[in-house]
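Subject: Structure handover

Hi,

Here is the structure we talked about. Please open it alongside my notes below.

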Amino acid sequence: MTQIEAARIGIITKEMEEAAKGEEASPEYIRQMIAEGKAVIPNNRNRKARLVAIGKGLRTKVNASIGTSSDIIDASAEVEKALAAEGAGADTLMELSVGGDLDSIRKEVLSATSLSVGSVPLYQAFKEAIERYHDPNKLTEELLFDVLERQCADGISFMAVHCGINRLTIERLNRQGYRYGGLVSRGGSYMVGWMIKNNRENPLYERFDRVVEILKKYDCVLSLGNGLRAGAVHDSLDRAQVQELLINCELANIGQEMGCQMMCEGPGHLPLDDIEANVKLQKRMSGDAPFYVLGPLTTDLAAGYDHISAAIGAAEAARYGADLICYVTPAEHLALPNKDDVVEGVRAARVAAHVGDMVKLGRKGRDMAMSKARRDLKWDEQYSLGLFGERASEIRATRAPEDSDTCTMCGSFCALDNVNVHFRESLKAGGKA
Ligand code: SF4
């Protein structure tokens, strides 16, 4: 029985209980959200992972993606990045290797990390088609479904599958006739090429029931991939992307009916003023299925600092209801991220998730406690309340002040130390903390 099947008949599973531990929500609330298709728990019967629930009323989660490229193939570096992402506070991991022995790299990463791990099976399917037939367009349906099964059997907990690219989506793209940023999804672009070359419907759409049955067998979450996502802010919410989103929302509901946990993927690149519409469109059309956004990047000009451009978009997306945000690293658009890039990316996304949750979930208590600790110059309390206490403490220690109450930013001119003492005393006298 999958999580959604159990939830629908009133069963609180041990997975729901475990996921509730990291939330200000009860296992019963999580059960109810899963039953209604508004939350998921990335899970796999074949692998024990640290479980989180993703969805309505729950803390916004952060995903870190790692994986080899065709140029840089080093499995041990990917394992190091996976561990760095986990250490920096990622909630889930995607293993997106396209270079080297993919089965072996996936197994190494799965055994190293305790996080739930996701994948994009089209990468491996097209890579194996190239290796076997020297042509990605010779990918067979059997090979494609075999890859899905193989990755699930290894312990993948959520899978981005590009089911929503169908003939209608491609027709819409053709009629539109332009795209500033082209197609930026690796799996999506290969699938579009395969469909045009073979003049065939996408097997992942045509045989959606088969996709669902494979993932259900392992209680894996089916994340409907955003193959036509905007890769440039000027393509945001174009007709081709909205067409795919519409199909994905429809498929999300069909998959839920079939007893599979479902999630939709979103963009990509979005200007700040399109984010609210995008999130609301997905939520409305899918009946509040969990929404997984990739960034979104809010400008195309920030290469080198794209983790910041994406964190701005992620905070806005989370505020309006996005449930899982994929980090972006400083290496985005430039190179395969290294371990330091991964850590920076996770940290930036965690700030964004928290900022979004302050509004989405009204979680402002920790910030209020931090304000008081700052006002009262209680440094240890600040370190324990902050998202990155260790880093904060390190920075202050590298430039230690003469007066240990203050910091070297203002030193003896410390406003809090000099003036607020009196202010604080008068507040206390007035009975306020
Ligand atoms: S020295 Fe300046 S920056 Fe540092 S705690 Fe005091 S007021 Fe804040």
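Leu377 is partly exposed, because 18 other C-beta atoms lie within 10 Å. (The cut-offs: buried means 20 or more other C-beta atoms within 10 Å of a residue's own, exposed means 12 or fewer, partly exposed is in between, and C-beta atoms are placed from the backbone.) Leu377 also has a positive phi of about 55°, although it is not a glycine. Its place is the loop between helix 16 (365-375) and helix 17 (379-385). Helices (H or I, at least four residues) and strands (E, at least two) are DSSP runs, numbered from the N terminus.

This is a predicted model: local features need pLDDT of at least 70, side-chain atom pairs count only at pLDDT 80 or more, and totals for chains, interfaces and linings use all residues. Residues are numbered from 1 along each chain as its sequence is written.

Most residues other than glycine have a negative phi, and most peptide bonds are trans. These are the exceptions I noted.

- Asn199 has a positive phi of about 50° and is not a glycine. It is found in the loop between helix 9 (186-198) and helix 10. Asn199 counts as exposed, because it has 7 C-beta neighbours inside 10 Å.
- Pro267 and Gly268 are joined by a cis peptide bond, with omega about 15°. Gly268 sits in the loop between strand 8 and helix 13.
- Gly295 and Pro296 are also joined by a cis peptide bond, with omega about -5°. Pro296 is in the loop between strand 9 and helix 14.

Overall picture

The protein has 20 helices and ten strands. Its radius of gyration is 23 Å, close to the 22 Å that the globule rule gives for 433 residues, so it is as compact as a globular protein of that length. (That radius is taken over C-alpha atoms, and the rule is 2.2 Å times the number of residues to the power 0.38.) The C-alpha atoms fill a box of roughly 75 × 50 × 40 Å along the principal axes. Buried residues make up 48% of the 433. Of the contacts with a separation of 6 or more, 73% are between residues 24 or more positions apart. A contact means C-beta atoms, placed from the backbone, within 7 Å.

The domain assignment gives domain 1 (3-360) and domain 2 (365-429). Their C-alpha centres lie 40 Å apart. The bounds come from an automatic or database domain assignment.

Strand 9 (residues 291-294) has a neighbour on each of two pairings. Strand 8 (residues 262-266) pairs with strand 9 in the parallel sense over three bridges. Pairing requires at least two DSSP bridges between the strands. Cys264 has Phe291 as its bridge partner in strand 9. Strand 9 and strand 10 (residues 324-326) also run parallel, joined by three bridges. There, Leu294 stands opposite Cys326.

Which way do the residues of strand 9 point? Phe291 and Val293 go one way, Tyr292 and Leu294 the other, and all are buried.

One is strand 8, helix 13 (residues 272-286) and strand 9. Another is strand 9, helix 14 (residues 306-320) and strand 10. Right-handed means that, with the strands pointing away from the viewer, the path from the first strand over the helix to the second runs clockwise.

Helix 5 and its strands

Strand 4, helix 5 and strand 5 form a right-handed β-α-β unit. Three bridges join strand 4 to strand 5, which run parallel, and Leu93 stands opposite Val117. Strand 5 and strand 6 pair in the parallel sense over two bridges, with Ser119 opposite Met159.

In helix 5 (residues 102-112), Leu102, Ile105, Arg106, Val109 and Leu110 are buried. They cover an arc of only 130° around the axis, which puts them on the same side of helix 5. (The arc is that of the directions from the helix axis to the C-beta atoms.) Exposed Ser104 and Ser111 are on the face turned away from the buried side. The cover over the buried residues of helix 5 includes helix 4 (75-87) and helix 7 (141-154).

Best wishes

Note on methods
Two residues are in contact if their C-beta atoms, placed from the backbone, lie within 7 Å.
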